[in-house]
Amino acid sequence: MAKLLDKQRYKCALGAMQTVQAITRAIPILHSGPGCAQKLSDGTGSSGYFSPNIFPCTSINEKDVVFGGTKKLETTIENALKVIDADLYVVLTGCIPEIVGDDTGEVVSRFENADKPVIYASTAGFKGNNYIGHEQVIDAIIDQYLERSEEREKGLVNIWADVPYQDLFWLGNIRELEKLLAEIGLTPNTIFGYHRGIDQINNIPKAEFNLLVSPWVSVGNMQKMEKKLGLPWLHLPTLPIGAYETSKFLREVGRFAGVNEEKVESVINEHENYYYYLIERYADLFLENRVINKQFSVVADAQYALGITKFLANDLGLVPAKQFIADDTPKQYREAIAEEFKKLNFNLQAEVVFETDSYKIHEQIKEHDYHGYPLILGSYYEKELTESLKGNYLNIAWPVQDKVVLDDFYAGYTGGIRLIEDIYTVAVQRFN
Amino acid sequence: MSYKIAVTSSDGLQIDETFGSAKSFIIYEVADGIYRKLEERAFREEGTDHDGISVADSCNSSGNCKTGGGCGSGTGGGCGGAGEASEKVELISDCRCVVCKKIGFQIQKQLERKAISAFDVSVSVEEALEKISHYFTRMDNHESLRVQK
């Protein structure tokens, strides 16, 4: 009997076209059926110089299924190179050409000597979701574009974090992480967002090391870069939100990079002083026990489920109920991630469930006794559910219908304050 | 289950005629994945000129051309695509697909309405029939088209 998945929280691997779109002046060339890009593009924040509506696409049909679509792919790449002024062309394949066996790699290899780099990633939907697709695009850049560099730039660090567009706060978060690293004297290098493009990609091999801030996404990319480019990497599974995790984050990065400890401590000190000044001023709000919920659940990808759970427990002293990771985390990472949920302050531990089916997630939330109304941080799918439970709800994960985010962020000290603002804004509305 | 495939070819070997210029269709029948030639259907173009200047050959020889009609006269046929199906489409309306070198957008729409697939390819008749019958066999038996590399 076929299994149906109720309200999944990710897209197919071809959704990685948004990863390409996040690299300034990089364009995806889609070898897929017509309409794929339309379906996969999010309504907000995806227009601009290149938008999904103008992505070159082979628009393959029945004829290409029967006779193969490689000829069409070749002319599509050829013409994209002629009419679109981009710095990097990334061919992405959908399910159909992968199933019928088009040799995309061979076609792309004919463009080896083109003026601009053309690379490809086989992002067929049956190979995984867009988290995997994101990794495949970065893998393609490593495998087909980057070369090992003898030259190393002192203090240069590549930062890798959330999946662009899938993560609502990707742009703000990565800028905030950059800022934090710069403050302790390092030079951050990232490839996504405003003014980050081919030049930043070219700088990747010159870095001293890679910094990965994610429970599992891009672990494979880091291993690949270590092998091919000789780049060591530091893996920090928790997205630092709020003072506790951010200070820990800075200390760990500082130690790994060999930054003077005093320097790191002085940066931390400055930030913490301001952070706790704010917390202190609003202590009356935080300590008023009828305002905020006794227990909370996060329904999100591993990145946010872990980051927010740690923040709410460690910084705000809230009690975690069950937490739900809905990004279809590959099995080999699950145990280590579940362990992270046990490392909370005040001897707290959070139970975590890896579940992609929203029906099952919602049933478990309904069954749980939150000792009052619940606080649910999740995707738009949780809105109606939380309303029926008379709880407080905040939309922090894809799909997002309830929030507009241009460059807001939850990472770092400032990000923690933003999240407090958002949660308490919802909480106080109940009484006013 | 058997079905028919219409092919346009001047020599019976290569798909070398466009849908519009083809004077006839070679009809193949496919049963259990094996194809065989069934017949050839000539297209009787309607006389567009009573002085006989541009009347099609088949028309002259058979001698039973309909009169009237032609482009824009409202009887179908000709270049119009939005209205009723052209007679050429009617001629192959019992086929599952048509294979020709090129095909116009309007005609394709007309074929679509009759659930006839159009394949515009420049390959040999043999290759086309092999690939199409393979494809339809897989589809009919709900088998994957996945190619194992």
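This is a predicted model: local features need pLDDT of at least 70, side-chain atom pairs count only at pLDDT 80 or more; totals for chains, interfaces and linings use all residues.
Two residues count as in contact here if their C-beta atoms, placed from the backbone, lie within 7 Å.

Figure 1. Chain A holds 18 helices and 13 strands. Its C-alpha trace spans about 65 × 55 × 35 Å along the principal axes. A compact globule of 432 residues would have a radius of gyration near 22 Å, so the 22 Å of chain A agrees with that. Of the 432 residues in chain A, 50% are buried.

**Figure 2. A parallel, open sheet in chain A.** Four strands line up here in the order E5-E4-E6-E7, with parallel pairing. Which strands stand at the edges? Those are strand E5 (187-189) and strand E7 (233-236) of chain A; each has a single partner strand, so one side of each is left without a neighbour in the sheet. Ignoring direction, neighbouring strands of this sheet are turned by 25 degrees against each other on average.

**Figure 3. Zooming in on strands E4 and E6 of chain A.** Strand E4 (residues 156-160) and strand E6 (residues 209-213) of chain A pair in the parallel sense, and four bridges link them. To pick out one bridge, find A:Ile159: its partner in E6(A) is A:Leu211.

**Figure 4. Helix H8 of chain A lying across the strands.** Helix H8 takes in residues 170-183 of chain A and lies across E4, E5 and E6 of that chain. How does H8 run relative to E4(A)? The angle is about 155 degrees.

**Figure 5. Two helices of chain A packing together, H11 and H14.** Helix H11 (residues 242-257) and helix H14 (residues 302-314) of chain A pack at an angle of about 115 degrees, and their axes are 7 Å apart. On the H11(A) side you'll find A:Gly242, A:Tyr244 and A:Glu245, which meet A:Lys310, A:Phe311 and A:Asn314 of H14(A). By class, the residues of this contact come out as two nonpolar, two polar and two charged.

**Figure 6. Where chain B touches chain A.** Chain B brings 11 residues to the contact, and chain A brings eight residues. On the side of chain B that touches chain A, strand E5 (117-120) and helix H4 (125-140) of chain B are the elements that give two or more residues. What classes of residue sit on that side of chain B? There are six nonpolar, one polar and four charged residues.

Technical notes. Residues are numbered from 1 along each chain as its sequence is written. Chains are lettered from A and ligands numbered from 1 in the order in which they are written. Ala, Val, Leu, Ile, Met, Phe, Trp, Tyr, Cys and Pro count as nonpolar, Asp, Glu, Lys and Arg as charged, and the others, Gly among them, as polar. Axes are lines fitted to C-alpha atoms, for helices over the stretch in contact, and angles run from 0 to 180 degrees between N-to-C directions. Two strands pair if DSSP finds at least two bridges between them. The radius of gyration is taken over C-alpha atoms; the globule rule is 2.2 Å times the number of residues to the power 0.38. A residue is buried if 20 or more other C-beta atoms lie within 10 Å of its own, exposed if 12 or fewer, and partly exposed in between; C-beta atoms are placed from the backbone.
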